[in-house]
Amino acid sequence: MVMFDCLEPFGSRTITDNGTSGTLMSIQDQRQALRKQMQAARLKLSPIEQKQAEQNIIEPALELIHQYQAQNIAFYLPFKGEISPLALMKRLQAAGKSLYLPVLHPFSPGNLLFLHYHDESQLELNRFGIQEPKLDVRQVLPLCKLDLIFTPLVACDKAGNRMGMGGGFYDRTLAQAPHLISVGLAHTCQQVESLPIESWDMPLKHIILG
């Protein structure tokens, strides 16, 4: 387990052999290739490795939550080899914390809503095949009231840059809520030295590697 604070807001942009900045297309190609590589790497992890990583993130995550005195905390449900926060979520529920999960916004494409998650929450598959709570506007918490958000990711680097699945959902969320303490959760195999980044990428404040 490794936890580190992300002191630099952005990593270096991709540089070509002649020393000039890479074009938009070359960056996109590099990102897509890296995305496929990292998705394959995490899918190769054994069930034992996945379970150990799930346990490894608990203590450093609890330390951060205590540090920021966070009460309303957003999570995600693991998908295709993403590191699971479920054991951590159970600990926090037992401690009286309020947990929230993302739901695809029905009227604002590319955006997320965050719904209160509890033992009676009904889950369903969204259009990406990812589980999310059944939409109930009474359970929605405004972004301004969230304290801390744990995000999934496909890859990250040592400067705190994050690369997701490509939809930009979390980048938009973090751009709309600069007060949010953002924490990426990842397997150690998902970290690289430096990511090829875009202008819209939102860096994370902390990353915990399992």
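Glu54, Gln55 and Asn56 of helix H2 meet Ile58, Glu59 and Pro60 of helix H3, where contact means heavy atoms within 4.5 Å. The residues of this contact comprise 2 nonpolar, 2 polar and 2 charged; Ala, Val, Leu, Ile, Met, Phe, Trp, Tyr, Cys and Pro count as nonpolar, Asp, Glu, Lys and Arg as charged, and the others, Gly among them, as polar. The model is predicted: local features need pLDDT of at least 70, side-chain atom pairs count only at pLDDT 80 or more, and totals for chains, interfaces and linings use all residues. Residues are numbered from 1 along each chain as its sequence is written, and side-chain values use heavy atoms, with hydrogens and water left out.

**Overall architecture**

- The protein contains 5 helices and 12 strands; helices (H or I, at least four residues) and strands (E, at least two) are DSSP runs, numbered from the N terminus.
- Of its 210 residues, 49% count as buried, a class defined as under 20% relative accessible area, with exposed over 50% and partly exposed in between (1.4 Å probe, protein chains only).
- The accessible surface is about 10800 Å², and 54% of this belongs to carbon and sulfur atoms; the areas come from the Shrake-Rupley method with a 1.4 Å probe, and for residues only the protein chains shown count as cover.
- Among contacts between residues at least 6 apart in sequence, 73% join residues at least 24 apart.

**Helices H2 and H3**

- The axes of H2 and H3 (residues 58-68) come within 5 Å and cross at roughly 25 degrees. H2 is therefore roughly parallel to H3, since angles under 35 degrees count as roughly parallel, over 145 as roughly antiparallel, 65 to 115 as roughly perpendicular and the rest as oblique. Axes are lines fitted to C-alpha atoms, for helices over the stretch in contact, and angles run from 0 to 180 degrees between N-to-C directions.
- The buried residues of H3 are Ile58, Pro60, Ala61, Leu64 and Ile65.
- Tyr68 is also found in H3 and, at 31% relative accessibility, counts as partly exposed.
- Beyond residues up to four places away in sequence, Tyr68 touches Leu148, Ile181 and His206. The C-alpha atoms of Tyr68 and Ile181 are separated by 8.3 Å, although these residues stand 113 apart along the chain.

- Glu54 lies in H2 (residues 47-56) and is buried, with a relative accessible area of 7%.
- The side chain of Glu54 makes a polar contact with the side chain of Lys51 at 3.1 Å. A polar contact is a pair of N or O atoms within 3.5 Å; within protein, one must be able to donate a hydrogen and the other to accept it, and residues adjacent in sequence count only if both atoms are side-chain atoms.
- A polar atom of the Glu54 side chain also lies 3.1 Å from the backbone nitrogen of Ala87.
- With neighbours within four places in sequence left aside, Glu54 is in contact with Ile83, Ser84, Leu86 and Ala87.
- Gln55, likewise placed in H2, counts as partly exposed at 41% relative accessibility.

**Positive phi in loops**

- Gln69 follows H3 and belongs to the loop between H3 and strand S2 (72-74). Its phi is near 50 degrees, a positive value in a residue other than glycine, and Gln69 is exposed, with a relative accessible area of 57%.
- Lys80, not a glycine either, has a positive phi of about 50 degrees. Lys80 is placed in the loop between S2 and helix H4 (86-94) and is exposed, with a relative accessible area of 53%.

**Helix H5 and Gly160**

- The buried residues of helix H5 (residues 169-176) are Phe169, Tyr170, Asp171, Thr173 and Leu174. They pack against strands S3 (98-104), S4 (112-117), S7 (148-151), S9 and S10 (181-186).
- Gly160 lies in the loop between strand S8 (155-157) and strand S9 (162-163), and Gly160 is buried, with a relative accessible area of 0%.
- Gly160 and Leu204 are 44 residues apart in sequence, while their C-alpha atoms are 5.2 Å apart in space.
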